[in-house]
Amino acid sequence: MTDSTMPMPSEADFHYSVQDAETLLARFTKAPNWQERYRQIMLLGKDLPSLSPELRVETAQVKGCESDAWIYHLEQAGKHYYLADSDARIVKGLIGLLLGACHGKSRAEIQVFDPTAYFKQLGLEGQLSPSRTNGLNSLAKAMLEATL
Amino acid sequence: MTQPASPTPNTVTHTATNTVASHPSASAAPDATAVICSSDSEQRNAKIRSQFPALNQLLDGYPLCYLDTAATSQKPQMVLDAMAQFYANDNANVHRAAHQLSARSTLSYEKVRDQLQQFLKAERREEIIFTHGTTESINLVAFGLTAHVSAGDVILIDAAAHHANIVPWQELAKRTGAVIKPIPIDQACRLDVSAYKTLLELKPKIVALCHVSNALGTVNPVAQLVQLAKAQGAITLVDGAQAVAHLTLDVAEIDCDFYVFSGHKMYGPTGVGVLYGRFDVLDNLAPLLTGGEMIKRVSFEATEFGSLPNRLEAGTPPIAEVIGLGAAITFLQTDLTPQIQAYETELINYLQSQLRALGEVHLYGAFDDNIGVVAFNLADEHHQDVGILLDQQGIAVRCGHHCAMPLMQSLNLKGCCRASIGIYTNKDDIDRFIAALASVKDLLL
């Protein structure tokens, strides 16, 4: 993700706030059924910044998604910031859930983050299975690998 | 976005359509143009359906609604029994060892070849080769023809073809310097016959067609297309993977040189496929795989290959799977009656009309005579979002490019959703699917 020929978003673009994992968990445990969980996922995706078409390039693409997903990373003062987008609404919302756990966090915090336990708590464990084509696994891996 | 009524999972059967009471257009009652299915066909269908144990399950409390038969069909109990019976009683390698078990196993295995000869109306039993699936069958032909293809030879490929009927020909072209030319589809998503006739003037060496498009369900007039290709001296291959579970086949009538399909899309097991080849063409194929079973004599100086069909079946074949396939053929010969074929067509037409009635659904290549498949997108929504939300309700459909990227490119699509039916699908499945899609529409639009 650090290819010098790759277009990069500006530093300012990386500075946006996300709901933290605890707030998200509270929000999702309140959802009475799948409809509400997925409505919340899509609302979460809607609140995230979008990547402009020139940043939606193959070099930033996360493999393993049936939909297209792109991710950028910035490390600043020991914290890791991400900009990510997808052309599918549910995947973008799932990205929002990952960002809740990783965006603006230190390497140590990101390294101890356990996506499996997290998505289980959210009532979305099925979405993280490696056999799924939503690419959530690859996105979680990409966020972690960016810190190494 | 309005809140869709929550279904009560364990009771979602026919009454699931109550969840879309606010969508009069998606009501469970068939509209006047889609009156469907005599009770006779429905009774037959119910009897057939009861033979498929996998269909009888709940997913997160929702009854499974399996509309992904084009990817793989479910298996009737008789196929499962045939394979279990083989392993429990007859398991031995075929064509080897002078013992009773091997003789029994060989007899059962070779009996399926006879069954297939009759099923396809092939002239000779040696024209039936067992493979591991459609993909292997096509690879076997494309590799086997290498010596017969020269630089500059033209290979025509159906633009609606599955990747399995594209990539092996590209590899053949790489080996030989042959040139691949796609046969375009017209605006309505049918093979463009006039463009095809123009391409045939190039005197192609090989013409690779699909019988039924796996992504759209459109059906090609294969007998006519083959006749045109043969008039120009081409070798013809027809991919029948999506046809074999639905149509009554007759390779003599189609008159192609090769016809290929998989067991698992015709209610048989995975891991077994069929290559039918006209004897004289088949006999000239160089074997893709060499080794045991396919030889006449081996020495370190020279090896002599055996004769058809063994020459193209190197190694221990998928014996239990072939026997399972035999049971699937018996199943089809008993149950895929003209009435049931008509019922499948009615279901496809009902599915198309209910999708149109739901509104904001784009259908692709939807014709009255489509086989097994309806391709669609919901408004401008991503097919993956639609697929995930349908999956939440126990609906199994495939969403993606359907291994037909060139076709998706010619439709200017990234992908689409595909609902596909089988011999066990009933009207209730369609109604549940439409109700589920209505709630997806509520969530997304």
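1. D255(B) counts as partly exposed, with 16 C-beta neighbours inside 10 Å. A residue is called buried if 20 or more other C-beta atoms lie within 10 Å of its own, exposed if 12 or fewer, and partly exposed in between, the C-beta atoms being placed from the backbone. The phi of D255(B) is near 65 degrees, a positive value in a residue other than glycine. D255(B) lies in the loop between α8 and β9 (258-262) of chain B; helices (H or I, at least four residues) and strands (E, at least two) are DSSP runs, numbered from the N terminus.

2. This is a predicted model, in which local features need pLDDT of at least 70 and side-chain atom pairs count only at pLDDT 80 or more, while totals for chains, interfaces and linings use all residues. Residues are numbered from 1 along each chain as its sequence is written, and chains are lettered from A and ligands numbered from 1 in the order in which they are written.

3. C189(B) also deserves attention. Although C189(B) is not a glycine, it has a positive phi of about 75 degrees. C189(B) is found in the loop between β6 (179-183) and α6 of chain B, and it is buried, with 22 other C-beta atoms within 10 Å.

4. A cis peptide bond, with omega of about 0 degrees, joins L308(B) and P309(B). P309(B) belongs to the loop between β12 (303-305) and α10 (319-335) of chain B.

5. Which residues of helix α7 (residues 222-231) of chain B are buried? They are V222(B), L225(B), V226(B) and A229(B). These residues cover an arc of only 100 degrees around the axis, which puts them on the same side of α7(B); the arc is that of the directions from the helix axis to the C-beta atoms. An α-helix has 3.6 residues a turn, so residues three or four places apart point the same way. On the other side of α7(B), Q224(B) and A231(B) are exposed.

6. The buried residues of α7(B) pack against α6 (193-200), β7 (206-210), β8 (235-239) and α8 (251-254) of chain B. Two residues are in contact if their C-beta atoms, placed from the backbone, lie within 7 Å. Just after α7(B), G233(B) takes a positive phi of about 85 degrees.

7. Chain B holds an open sheet of 4 strands in the order β13-β14-β17-β16, with antiparallel pairing; two strands pair if DSSP finds at least two bridges between them. The edge strands, β13 (361-364) and β16 (398-400) of chain B, each pair on one side only. Between β16(B) and β17 (residues 416-420) of chain B there are 3 bridges, and the two strands run antiparallel. Within this pair, G400(B) stands opposite C416(B) in β17(B).

8. In chain A, strand β1 (residues 69-76) and strand β2 (residues 79-86) pair in the antiparallel sense over 8 bridges. The two strands form a hairpin with 2 residues between them, and A77(A) in the turn has a positive phi of about 50 degrees. Q76(A) stands opposite K79(A) in β2(A).

9. How many residues of chain A are in contact with chain B? There are 13, in contact with 11 residues of chain B. On the side of chain A that touches chain B, α2 (34-47) and α3 (89-102) of chain A each supply at least two residues. The largest share, 4 residues, comes from α2(A).
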